[in-house]
Amino acid sequence: MVIWLYLDFSGSENILIGEEGQAPEVDYSIGEEIHKNSDLAAELPKEGLMTLMGKSTDTVEAEIGKPDRIDPSFHGYDWWIYYLSDEAYVQVGVLNNKVITIFATGDDVDVTPFRIGQPSGEIYSSLFAETNIEIELEGSSYRFELSEADLNMRPSVRIGKDYFALLYLDKFTGALSSVRFLDPVSLVMLRPYEMVYRGELLSVDDFTDEESEAVNRGKEKQIVDISNVIRHRNGLEPLEWDAQTAEVALGHSVDMFESEEFSHTSEKFGELSDRLKAGGVAYLSAGENIAANYVDAPAVVEGWINSKGHRDSLLNDQFTHIGVGVYKKQYTQNFIEKWGE
């Protein structure tokens, strides 16, 4: 017997289109004089995860062990994934056996000189958040221009001469939600802000269909991991992966891309309730978050948690299971309260 008792926790307001990773413009005026604001940079920490930046994979394994898994990315590096606990989640970006970026969230991760849960006012009063970030790499120049929204929700702080910290702030709690450490190469590859450049544009574009699928499956797992850490932070039980719900979510992401209609309602497949029923998913209640154009899994989850409708779905205490589908920068996150749970 299959039960469908649909309580809809998705809605038209649960639509999120990111402005990250947009095609940068050429600007021949930049690069003549690079301002690094090095006198305003925070000091390099002597402890915590950031000490792994620039280190070898041998050092990473010696410090935090072997990864739970390794996920490829669209930015040229592999993510070493560490779900250390519900209060400590780490992604280490590795290129040529060297750490070039780190993402971390959870109350127990050491992100010195910051701390997860740190009030944003404390951060702004003690550190300088850059409005423009200028980088020169092998004769090419890049400038990131942060909007007011960027400065309020995901500012960047220079750490020492060679590194940056992208801080994801939770606007509902006014506290630090997660941190991403980057070197100049990983920052230019990620392009988390509007960027202009002169010279060579660093990018990795020649992915086969099989490689793209592997990246997207990794993103789906990361979204679940990060979502559960955030749920734990808010006193909620973790969500279990449900393969049938994930198939429905992926189908919707594919449909949104192919139809060029970014909506919870599909002209071909209907509302979420119709899609779950067609997928044979038994549930009592369900909800859906969708997003597009975010550069990766950490970015999209932090985007959802800063949008009330998405946040309410992600932090709904009725939901027991989750399915995620990612396709061509289309993200669908389906939640269900499973029948019989």
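Predicted model: local features only at pLDDT ≥ 70, side-chain atom pairs only at ≥ 80, totals over all residues.
Local features were taken at pLDDT of at least 70 and side-chain atom pairs at pLDDT 80 or more, while totals for chains, interfaces and linings use all residues. Residues are numbered from 1 along each chain as its sequence is written, and side-chain values use heavy atoms, without hydrogens and water.

One cavity of 30 Å³ or more was found (a cavity being a set of points on a 1 Å grid over the protein atoms alone where a 1.4 Å probe fits but cannot get out). The largest cavity holds about 40 Å³ of space, a volume being the space filled by probe spheres set on the points, which are joined across faces, edges and corners. Its lining (residues with an atom within 4 Å of a point) includes P72, W79, V215 and D296. Helix α5 (residues 209-233) supplies the largest share of this lining, three residues (helices are DSSP runs of H or I, at least four residues, and strands runs of E, at least two).

Eight aromatic pairs are present (Phe, Tyr or Trp rings, the six-membered one for Trp, with centres within 6.5 Å; planes under 30 degrees apart are stacked, over 60 edge-to-face and the rest tilted). The rings of Y77 and W79 are edge-to-face, with centres 5.3 Å apart and planes at 85°. Both residues are buried (under 20% relative accessible area with a 1.4 Å probe, protein chains only). F319 and F335 are stacked, at 5.4 Å centre to centre and 10° between the planes. This pair links distant parts of the chain, 16 residues apart, with F335 in strand β16 (residues 330-338). The relative accessible area is 3% for F319 and 0% for F335.

Methods
1 Å grid on protein atoms, 1.4 Å probe; cavity = no way out; pocket = protein on both sides within 12 Å on 5 of 7 lines; lining within 4 Å. Buried < 20%, exposed > 50% of the residue type's maximum accessible area, 1.4 Å probe, protein only.
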